[in-house]
Amino acid sequence: MKAHLSRRYLFSASHRLHSAAMSEEENQSTYGKCNNPYGHGHNYIVEVTVSGPVDEKTGMVCNLIDLDGFMEREVLSRYGHENLNTMEEFAKEVPTTENLCIQIYEIVHRGFRFAHLERVRLEETMMNSFEYAGESLLLR
Amino acid sequence: MVYLTRKAEFSASHYYHNPAFTPEENRRVFGKCNNHNGHGHNYTLEVTVKGEVDPRSGFVVDLKQLKEVMHREVLEAMDHRFLNKEVPEFLHQIPTTENLAIAIWQRLVSKLEHAKLHRVRVYETPDLFVDYYGEA
């Protein structure tokens, strides 16, 4: 039987929203306070949903030891307490939470082998969250 | 189609153990969850049903009936219980959150009138939850 398992993780990072393709005025009017040259930070919550058949031997979609280990190694230690603007993936891309959500999806999609990745949901604050499921539609 | 979700909470204990595994294998696969004395969680259950809105009542489902079914089929059986020892599904099956979501779906699916069961979501902790949509 196929089930979906979701796990939430916290990391803190800083960023500044600024696009090289825009003028100073345009950046200011588009990003407002988020354009502050010194940057600002968030406590991000990343919610990863994986799916697969429930293994009869373990009763699990995948072992949390594997998922937690992967997320710690590949995502939390990569982004935790970093300035996102200094990272190579954001050298040419604005580190909005949309783009960060896509980056995290790609990391998990590429590297996690123990279950199928359904989607990544990223909360920037308690009020804002973003979801990405690759090219497939979010049906649920 | 409108979706309606009802929440409930229950507290229960469990442990993970597969008799086909060696003791070492059980400890390696299940870690701290293998402690045979059990440990507990405050589970949150979310049951989502779907259906068309009845033009007479304006309801997708009679919430009172849904609440009663959830109480009778799930909470009475599982709240303040040791899942491995007191809930029939888990006498021979590991009470993981995945299996719990499936067992709750199976307990509810035939008991609901009018509305169709869409999803059972079980939170073991606020940071870990399983969704089951009745898929084989």
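**Contact between chains A and B and the elements behind it**

In this predicted model, 16 residues of chain A are in contact with 19 residues of chain B, two residues being in contact if their C-beta atoms, placed from the backbone, lie within 7 Å. The largest share of the side of chain A that touches chain B is contributed by β1(A), with seven residues; helices (H or I, at least four residues) and strands (E, at least two) are DSSP runs, numbered from the N terminus. Sorted by class, the side of chain A that touches chain B holds seven nonpolar, five polar and four charged residues, where Ala, Val, Leu, Ile, Met, Phe, Trp, Tyr, Cys and Pro count as nonpolar, Asp, Glu, Lys and Arg as charged, and the others, Gly among them, as polar. Residues are numbered from 1 along each chain as its sequence is written, while chains are lettered from A and ligands numbered from 1 in the order in which they are written. As the model is predicted, local features need pLDDT of at least 70 and side-chain atom pairs count only at pLDDT 80 or more, whereas totals for chains, interfaces and linings use all residues.

Strand pairing also links the two chains, since β1(A) and strand β5 (residues 128-132) of chain B pair in the antiparallel sense over four bridges; two strands pair if DSSP finds at least two bridges between them. Within this pairing, A:His4 has B:Asp131 in β5(B) as its bridge partner.

Chain A contains three helices and five strands, which from the N terminus on run β-α-β-α-β-α-β-β. Helix α1 (residues 24-31) of chain A is hardly covered, the count of buried residues among its eight residues being zero; a residue is buried if 20 or more other C-beta atoms lie within 10 Å of its own, exposed if 12 or fewer, and partly exposed in between, with C-beta atoms placed from the backbone. Just after α1(A), A:Gly32 takes a positive phi of about 55°.

Helix α2 (residues 64-79) and helix α3 (residues 97-111) of chain A pack at an angle of about 130°, with their axes 10 Å apart; axes are lines fitted to C-alpha atoms, for helices over the stretch in contact, and angles run from 0 to 180 degrees between N-to-C directions. The two helices α2(A) and α3(A) are therefore oblique to each other, given that angles under 35 degrees count as roughly parallel, over 145 as roughly antiparallel, 65 to 115 as roughly perpendicular and the rest as oblique. Residues A:Phe70, A:Glu74 and A:Val75 in α2(A) meet A:Ile104, A:Ile107 and A:Gly111 in α3(A), and by class this contact has four nonpolar, one polar and one charged residues.

Chain B comprises four helices and five strands, following the pattern β-α-β-α-β-α-α-β-β along the sequence. Along the principal axes, the C-alpha atoms of chain A fill a box of roughly 60 × 30 × 25 Å, and the C-alpha trace of chain B spans about 60 × 25 × 25 Å.
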